[in-house]
Amino acid sequence: ELMYILRGWTSDSDDSDKFEWDNDGEAEPSSAPAMRNFGSPGPSTLGSNDWINGEVPPTSLIERYVVMGFPKEMVMKSIKEIGHSDADALLELLLTYKALDDDDAVGNNHSTSGCILPVVEDDDDPDFENCDGDDDAGGRESSSDDSGYEDFMREMSERDEKINSLVNMGFSEDEANRAIIRCGADADICVLVDSVSASRVAEDCHSRNLSDHQVTDRCFNSFGGRKKARLMEESRKKRKRYGGGGQGNRPSLDGSDEESMPLPNPMVGFNLPGYSGSSVTRMLSKLDTGPPFFYYENVARAPKGEWAKISRNLFDIQPEFVDSLHLCAAARKRGYIHNLPIENRSPLLPLPPKTIFEAFPHYKKWWPSWDTRTHLNCLQTCVASAKLTDRIQRALVSSSNPPPKSVQKDVMDECKKWNLIWVGKNKVAPLEPHEMELLLGFPRDHTRGVGKTQRYKSLGNSFQVDTVAYHLSVLRRMFPNGVRVLSLFTGIGGGEVALHKLGIHMRVVISVEIGEASKKIFRSWWDQTQTGTLIEIDDVKSLTNDRVASFISQFGGFDLVIGGSPCNNLAGSNRHHRDGLEGKHSALFYDYVRILNFVKSTMAGRR
């Protein structure tokens with residue numbers, strides 16, 4: 001019965017904002033494969049004549065590959081075909097078989113292995129932002145001396161490095177993620193390259209419009225010939241080009257490389273409170289220093305070359321990449337370019353909770369021991385559906401206690417992807433909006449007053465307040481009488497909330513925001529907390545140079561130009577329109593550049 005419940009976990013095509021499962025009924029018993037029993041003995045009835053050289057493989061060898069996620073029948077078939085003396089060749093054959101098996105599973109909405117394969121859902125909503133976090137949380141249990149937390153960060157960084165390396169080799173991010181899911185996060189980069197190549201061979205077979213039987217025979221029978229030669233040649237070229245290691249050939253950080261600007265590991269920016277690593281010394285030219293100061297933000301894992309373009313358009317200033325996981329209990333990888341000083345920063349006090357249980361201690365009662373997360377993934381603009389959480393509950397109720405490893409893994413995949421928390425026995429649920437507000441550093445009920453869907457959407461697109469406040473803290477001593485702010489793409493006011501929490505008075509804010517729900521949220525907060533002047537503008541396109549000049553004349557200039565242009569065409573989740581800065585929405589970055597340059601030149605002329 002458990003197997004029928006677990007089958008068919010996939011996404012509903014009719015609900016682009018929620019991850020759902022398209023099979024509400026139960027599968028026919030005849031089509032459900034038997035659940036793997038990891039404790040059962042290996043094959044003992046096969047005659048030696050069925051194996052290569054009459055050599056029966058050890059039971060432990062078969063179980064090792066089964067634990068890796070390959071069906072027992074597939075392992076035995078592969079060993080019969082090529083033996084088990086060459087581990088690399090055996091793994092390659094298994095990966096090819098698995099790629100074929102996965103392709104069949106996509107067509108039939110279930111896997112013949114009985115595993116629950118996570119499905120990455122493409123989202124057509126241009127405002128959907130997964131903030132490159134569909135695979136970067138999870139978490140490992142931390143010990144009291146933080147060694148577990150360091151292990152977690154190292155593992156997550158290594159995973160990101162492997163994804164970046166594969167993307168730099170020319171593979172898509174989706175291919176890289178699937179390879180890591182198949183082979184495990186610990187797999188060597190060469191194994192991941194082979195896995196992607198094997199999957200491409202399988203796709204090539206299917207592209208010939210052969211029947212399933214013909215496809216299987218064609219690919220399996222030719223594995224030792226032309227197909228294998230092509231696979232191995234592609235793998236060798238990739239390995240040779242990138243040195244066979246996880247780092248690949250890394251470009252310089254000076255912004256001159258059009259292909260890539262690699263992300264630092266760990267992603268702690270120039271410095272963070274309590275971080276023991278060496279701080280960065282940054283030199284800016286006199287023309288680049290403020291005032292006016294400027295502060296620009298966007299998703300860290302943008303397409304190749306985009307951060308080099310952003311840097312070049314913002315005076316070739318080096319980006320500061322920070323994952324908010326170092327500051328709070330949720331991941332949020334962002335890049336910041338600014339001309340603020342980086343010395344004498346100070347964090348907001350009290351420090352925010354840094355682990356799940358520090359933030360939400362009441363959930364510890366229901367948290368299973370096999371869920372070792374200490375931090376949450378990136379907070380998205382949408383949440384999991386009730387249908388998905390109900391499926392998880394049914395699967396766990398029908399399982400043993402604790403559930404089998406395969407069930408644990410599949411449940412954890414969904415918990416990590418959707419930031420599900422344990423609210424009862426075998427019961428998971430999405431974060432509530434007020435819990436997301438806490439994690440992002442906003443006051444409770446900051447987004448209350450608009451629909452729940454809009455609350456999630458606006459929070460998913462916002463700043464992480466504690467991170468931004470740490471960077472802006474240097475302004476306190478510079479502007480004891482308050483600041484004049486030009487706020488582009490204001491959203492729900494993450495930058496303004498950070499300034500308020502720092503105790504910096506905002507004398508005037510020119511807010512540019514097109515979203516009605518976000519404007520309503522920000523205006524409500526401003527009216528309750530601020531005494532300065534607020535001027536609202538709907539569209540950045542309507543903020544012409546003449547209007548900017550009139551504001552500079554009226555208020556004497558600006559002390560800070562802050563904002564993060566839309567990430568719609570930069571975020572990793574937008575598979576359909578990930579066109580970078582030339583995309584319809586993310587091209588608004590150039591309006592930020594236009595306005596900033598005009599402010600700088602106009603104010604320089606007034607001195």
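Reader: How many disulfides does the count come to?

Author: The model is a predicted one, in which local features need pLDDT of at least 70, side-chain atom pairs count only at pLDDT 80 or more, and totals for chains, interfaces and linings use all residues. Residues are numbered from 1 along each chain as its sequence is written, and side-chain values use heavy atoms, with hydrogens and water left out. A disulfide is taken to be a pair of cysteine sulfur atoms within 2.5 Å, and by this rule the count of disulfides is zero.

Reader: Is Cys415 buried or exposed?

Author: A residue is called buried under 20% relative accessible area, exposed over 50% and partly exposed in between, with a 1.4 Å probe and protein chains only. Cys328 has 2% relative accessibility and therefore counts as buried. Because Cys415 has a relative accessibility of 0%, Cys415 is classed as buried.

Reader: Which residue does UniProt list for "active site", and where is Cys567 placed?

Author: The unreviewed UniProt entry lists Cys567 under "active site"; such annotations may be inferred rather than shown by experiment, and their positions are given in the numbering used here, with feature names shortened. Cys567 has a relative accessible area of 9% and so is buried. Helices (H or I, at least four residues) and strands (E, at least two) are DSSP runs numbered from the N terminus, and on that basis Cys567 belongs to the loop between β9 (560–563) and α21 (589–606).

Reader: Which way do the residues of β9 point?

Author: In a regular strand the side chains alternate between the two faces of the sheet. In β9, Val561 and Gly563 point one way, all four residues being buried, and the other way point Leu560 and Ile562.

Reader: Which residue stands opposite Ile562 in β9?

Author: Two strands pair if DSSP finds at least two bridges between them. Strand β1 (residues 293–299) pairs with β9 in the parallel sense over four bridges, and Phe293 has Leu560 as its bridge partner in β9. Strand β6 (residues 483–488) also runs parallel to β9, joined by four bridges, and the residue opposite Ile562 is Ser487.

Reader: Which backbone nitrogen lies 3.0 Å from a polar atom of the side chain of Glu175?

Author: Glu175 is placed in helix α6 (residues 173–183), and its relative accessible area of 10% is why Glu175 is classed as buried. A polar atom of the Glu175 side chain lies 3.0 Å from the backbone nitrogen of Ser172.

Note on methods. A polar contact is a pair of N or O atoms within 3.5 Å; within protein, one must be able to donate a hydrogen and the other to accept it, and residues adjacent in sequence count only if both atoms are side-chain atoms.
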